[in-house]
Amino acid sequence: MSTTTPPLLRTAPAPGRLDRLGIPRSLALGFLGVLVMMTGVGVESNFVTPHMVAVLGSPPATVATIVTGASLATLVGSYLSGALADLVGPRPVMTVGVVVWVVFEVLFLGALHLGSVPLTAVAYTLRGLGHPLAAFAFLVWVNVTAPVERRGAAVGWFYVAFTGGLPTLGSLFALGTIPALGGGVVGETGAMTASIALVVAGWALARFGVRLPSGTQRIAPAGESPWRVVTSGIRLTATRPRVLMGFLVRLVNTAPEFGMFVVLPAVIADERGWGQQRWLLMTVCVYATNILVNALFGWVGDRIGWVRTVRWFGVVGSAVGLLAWWYVPQLVPAGSHWGYVAAVVAGCVFGCSLAGFVPMGAIMPALEPQHRGAAMAMYTTAAGGAAFLGTGVVAVVLALGGGGAVVTWTFVGLYACAFLMVGRLHIPQHDEAH
C-alpha cells in the first residue's frame, strides 16, 4: 500500500481586514499612492488663479481662459486613462500621466518665472492631461482586481483617496507650506514646487508597492486594433444605449455641486450676512462629509445593490439635499448662529447624498464586461464633464433672467431624468430590483 501523502490543495488566501473593508490587499499601497499624488495635485487648488493674475499681470479673463484650456485637457486625459489602460494595462498609463504632469509643471513654473503668458498657457493646459491619466488608470486597475462582491466598496475607497488629496489634504499642505516658505507669491511658488515631490512620491508608492502582473496586461479583447481600442469608449456610447445612460447619469451626478458653487457664495456671504469665511467653512464641511461617506456607500451598494443605491441614495437623496441647501438658508434668520449651523447641516446632507453615486464606478464597467476600460473611459470623461454641465446650466439660466431658485429646480429636473435612466441600468449584481 502506498504511503505517499497526497499533495495539499491550494486555496485562495483568506480575506484580511483590508479586504473585508473593500480595499484589495494587493492594491493597498496603490490607494495610498493615489492619496499622496492627489495631495500634490491639489496643493494649488485654492490659489493658482489669483497667483497667475498676480505674477503675469494679466486680467482675470485671460487667466480664466487658461484654466478653461486645462479643464478641457483634463477631459481628454480622463477619457484616455480608461482607453489606454484597456490597451496596455493601468500601470504604464499611470507612469505616463505622472511624467506628463511633472514635466509640464516644471515648464509651468518656469513660464511664470519668465512672465510669459503664451508659454504659461501651453504648459498649464498640457499639464491638465497628467493627473487624470495617473489617477483614473488606477481606478480601472481597481475594477479589474476587486471581487465583484466588494467592488462598490473598492471604488468608494478610491474616491476617499482621490478627494482626500484633491482638494482636502492639498489645501491643508498649502496652508502650512506657504507661510513657511515666505508667504505671498513667493510662498505660493514654493508650495507648488514642493507639490512635485508629493506627486512623484505618490507615483512611487503605487508603482513599486503594487506588484500585480495585471498592471501591464491588456484588458481589451485580443485581436482588436489599437485604434479600435482607443476609440471604443466613443463607439460604445454611440451604439450601447445603457452606456450612454450611465454616462449621462454620472454627468448629472456632481454637476449641481459646481453650479451651486457659482450661485451660493453671494447668497451665504452677502445676502444672508454670514461672510466669506463662513461660506468657505461651509464648503469644507460639505466636502469633508462627502469624503467620510464615500466608502460607506460603496459598501451599501455591495450589500443592497449598486443600482438601487444610486437611484435612491444618490439621485433622490441628492435632489432632496440640494433643495435643502438652497432653501434652508433662505428660511432661517439672516446672520444668526443657529441658522448658519442649520444651513451647514443642509449642505452636508447634499454632500453625503452625492456619495450615493459612488457605485456608478462599478456599474459602468459591469455594463460592458468585455470592454471595461472603454466603459471606464466614458465614466471618467463624465466625471470631468460635470463641471462644464454645472456651470453651463447656471450661465444659461442666468442669461434667461432666472435666479438661484430656477437654477436649483433645473438641477432637480436633471436628477429626475437620472432617476429614470438609472432604472434601466440592469446589471448582474445581487438581486437588483427596480
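F158 is buried, with a relative accessible area of 0%. This is a predicted model, so keep that in mind for everything I go through.

F108 belongs to helix 5 and Y124 to helix 6, 16 residues apart, so the pair links distant parts of the chain. Both F108 and Y124 are buried.

Next, the salt bridges. A search of the whole structure finds four. Let me start with E44 and R127, whose closest N and O atoms are 2.6 Å apart. E44 sits in the loop between helix 2, residues 28-42, and helix 3, while R127 is in helix 6; 83 residues separate them, and the pair links distant parts of the chain. E44 is buried at 6% relative accessible area, and R127 is buried at 7%.

R127 has another partner. Its side chain meets that of E105 in a salt bridge, 2.5 Å from N to O. Because R127 lies in helix 6 and E105 in helix 5, this pair ties together parts that are 22 residues apart in sequence. Is E105 buried or exposed? It counts as buried, because its relative accessibility is 0%. Salt bridges with shared partners therefore join E44, E105 and R127 into one network.

Another salt bridge joins the side chains of D19 and R25, at 2.5 Å from N to O. Here D19 is buried, with a relative accessible area of 11%, whereas R25 counts as partly exposed at 42%.

Now helix 3, which covers residues 48-56. Which of its residues are buried? They are V48, H51, M52 and L56. Why do they lie on the same side of helix 3? Because they cover an arc of only 105 degrees around the axis. The general point is that an α-helix has 3.6 residues a turn, so residues three or four places apart point the same way. What covers the buried residues of helix 3 includes helix 4 (60-88), helix 5 (90-114), helix 6 (117-127) and helix 9 (184-209). After helix 3 comes G57, with a positive phi near 70 degrees.

Last, the surface. I304, W312, F313, V316 and V320 form a nonpolar patch there, and together they have about 430 Å² of accessible area. Where does the largest share of the patch come from? It comes from helix 14, residues 306-331, with four residues. V316 has its place in helix 14.

Conventions
Residues are numbered from 1 along each chain as its sequence is written. This is a predicted model: local features need pLDDT of at least 70, side-chain atom pairs count only at pLDDT 80 or more; totals for chains, interfaces and linings use all residues. Side-chain values use heavy atoms; hydrogens and water are left out. Buried means under 20% relative accessible area, exposed over 50%, partly exposed in between (1.4 Å probe, protein chains only). Helices (H or I, at least four residues) and strands (E, at least two) are DSSP runs, numbered from the N terminus. The arc is that of the directions from the helix axis to the C-beta atoms. Contact means heavy atoms within 4.5 Å. Patches are made of residues with over 30% relative accessible area and no salt bridge: like charges are joined within 9 Å, nonpolar side chains (Val, Leu, Ile, Met, Phe, Trp, Tyr) within 5 Å. Accessible areas come from the Shrake-Rupley method with a 1.4 Å probe; for residues, only the protein chains shown count as cover.
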